[in-house]
Amino acid sequence: MNQYIAAIDQGTTSSRCMIFDHDGSVVSVAQKEHEQIFPQAGWVEHDPVALWINTREVVAGALAKADLTRADIAAVGITNQRETTVVWERKTGKPIYNAIVWQDTRTDQLCQELGGEDGPDKYRAKTGLPLSTYFSGPKIRWILDNVDGAREKAEAGELCFGTVDTWILWHLTEGTHVTDVTNASRTMLMDLETLQWDESICADFGIPMSMLPEIRSSSEIYGKGRPRGNLAGVPVAGILGDQQAATFGQACLAEGEAKNTYGTGNFLLLNTGTTPVHSKHGLLTTLCYKLGDAPAVYALEGSVAVSGSLVQWLRDNLGIIQSAKDIEPLALTVEDNGGAYIVPAFSGLFAPRWRPDARGVIVGLTRFVNKGHLARAALEATAYQTREVIDAMRNDSGVTLSALKVDGGMVVNETLMQFQSDILGVPVIRPVVNETTALGAAYAAGLAVGYWADTDDIRNNWAVGKTWEPSMEESERARLYAEWNKAVERTYNWSD
């Protein structure tokens, strides 16, 4: 048997390749950041060609670091930034426009037009999603409406659409046009029950069905690596959107199990079993995963647009810190937030409020507040937003959280993790392997080729790394959360 499984993790700010052994331990990793393109306020783009080039480079780097070749890899899985939209020519494989990133808000007016008298909930019963700039469908429509010749080419069957998993798979295998159920469920174009593209919604959006990839399960062999590549002949056997991959990597495989990923944004998923649960409190109903022919598993999700990217903003736009890791030492120069709150509604507010009119604010400023207080307020913003999502999830599901499993790049920040535990009033648990997104994609691929026998292997691999226990008085918790809510209300009605 081949010794290892590889995972390609194409995220919002970087591309990575991670190689895992049978215990789920990291054998090798290579990573490369890519440019964030901001053509105007509210627009966020990536160069799709750069994403593919960087993917190839990190695959080669991860293999080289561990002195491995493709012969050592049993299968490769793909996980990706979800909703980000790429449209390319079927014949040439060349994109006709930059990738429009999930954070992009240019389709706000279009979403209002599509909703009409029915409003944001027009397609929620079928798709589990509100009409929002977040999802892929409106982004496809924008490209067709605004790129010269795009609509004519699309109607002639000459264009392909894909989320980033599909874009990477197309090039990795030389032309396989496939996505999995988790990514398809983030387009606003898939029926949650049938797991197929919905013709009536596509017609409303003006999107030709010929553009859309085939929807498959999250764990099966889709194709093999192209002959000229570093993964030539290796089965590509797993695809999961990044947050679903993290849920899978955290072994949240039973109904009622939840995880929170702290990355560019913040995403909390609760496994709801094989029946979709429709939210009444601003959460998304989404696919959690589907293993081969087994029934699909669903989740409730709370999506926060800005968490780690707020730290990047402090670094890149304000110059308060030199690197992301500087945020914690700076926050520790003060005892609290000094009365300051940052609400990072750069792209409006996502779950559970769904206010596209909101914009970011810093409130509570006095002459006392310094950059240490702002650093602490930035970290605390992530914890407050997580609390909002968990409150909504409890109201929807009736499940009271007893502990929170966490993962992602920000969980190395112990100050944030302690504050998260304090503001929730429950333990926060970090696993031994923090980067569970890539691990989840590896598990999906490995299960498809028999590298892991079944999901019991995944459960057995999961292990606690560290636990934070709450130490804040309930009265202080209530006071801080009330002030946070006052701050959030100051963001409303800013954008028309």
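**Charged side chains and their surroundings**

Tutor: In this predicted model, Arg479 has a relative accessible area of 38% and is therefore partly exposed. Its side chain meets that of Glu476 in a salt bridge, at 2.9 Å from N to O. Glu476 is likewise partly exposed, at 29%. Both residues belong to helix H16 (residues 474-489), where they are three residues apart, that is, separated by about one helical turn. An α-helix has 3.6 residues a turn, so residues three or four places apart point the same way.

The whole structure contains 28 salt bridges. One of them joins Asp198 to Lys126, with an N to O distance of 2.8 Å. Asp198 is in the loop between helix H7 (181-184) and helix H8 (199-205), whereas Lys126 is in helix H3 (residues 124-127), so this pair ties together parts that lie 72 residues apart in sequence. Asp198 is buried, with a relative accessibility of 8%, while Lys126 is partly exposed at 35%. A further pair is formed by Asp357 and Arg355, whose side chains meet at 2.9 Å, N to O. Here Asp357 is buried, at 13% relative accessible area, and Arg355 is partly exposed, at 24%.

Salt bridges also link Arg82, Glu83, Arg186, Asp242 and Glu301 into a network. Asp242 is one of the buried residues of helix H9 (residues 242-249). This helix is mostly covered, as eight of its eight residues are buried. Just after H9, Ala251 adopts a positive phi of about 60°.

The side chain of Arg376 does reach the backbone oxygen of Ala331, at 3.2 Å. Leaving aside residues up to four places away in sequence, Arg376 touches Ala331, Leu332, Val334, Glu335, Asp336, Asn337 and Thr415.

A buried lysine is found in strand E13 (residues 258-262): Lys259 points one way together with Thr261, while Ala258, Asn260 and Tyr262 point the other way, and all are buried. Because five of the five residues of E13 are buried, the strand is largely enclosed by the rest of the structure. Its pairing involves two neighbours. With strand E14 (residues 266-273), E13 runs antiparallel over five bridges, and a hairpin of three residues connects the two strands. Ala258 has Leu270 as its bridge partner in E14. With strand E19 (residues 404-407), E13 pairs in the parallel sense over three bridges, and there Lys259 stands opposite Lys405.

For comparison of strand pairing, consider the open sheet of six strands, ordered E3-E2-E1-E5-E12-E11 with mixed pairing. Its edges are strand E3 (26-33) and strand E11 (219-224), each pairing on one side only. From one strand to the next, the twist averages 25°. Within this sheet, strand E1 (residues 4-10) and strand E5 (residues 73-80) run parallel and are joined by seven bridges; Ala6 has Val76 as its bridge partner in E5. Helix H1 (residues 48-65) lies across E1, strand E2 (14-20), E3 and E5, and runs at about 150° to E3.

Conventions. Residues numbered from 1 in each chain as written. Predicted model: local features only at pLDDT ≥ 70, side-chain atom pairs only at ≥ 80, totals over all residues. Heavy atoms only, no water. Buried < 20%, exposed > 50% of the residue type's maximum accessible area, 1.4 Å probe, protein only. Helix = DSSP H or I, 4+ residues; strand = E, 2+ residues; numbered from the N terminus. Pairing = 2+ DSSP bridges. Polar contact = N/O pair within 3.5 Å; in protein donor to acceptor, adjacent residues only side chain to side chain. Contact = heavy atoms within 4.5 Å. Axes fitted to C-alpha atoms, helices over the stretch in contact; angles between N-to-C directions. Salt bridge = Lys/Arg side-chain N within 4 Å of Asp/Glu carboxyl O.
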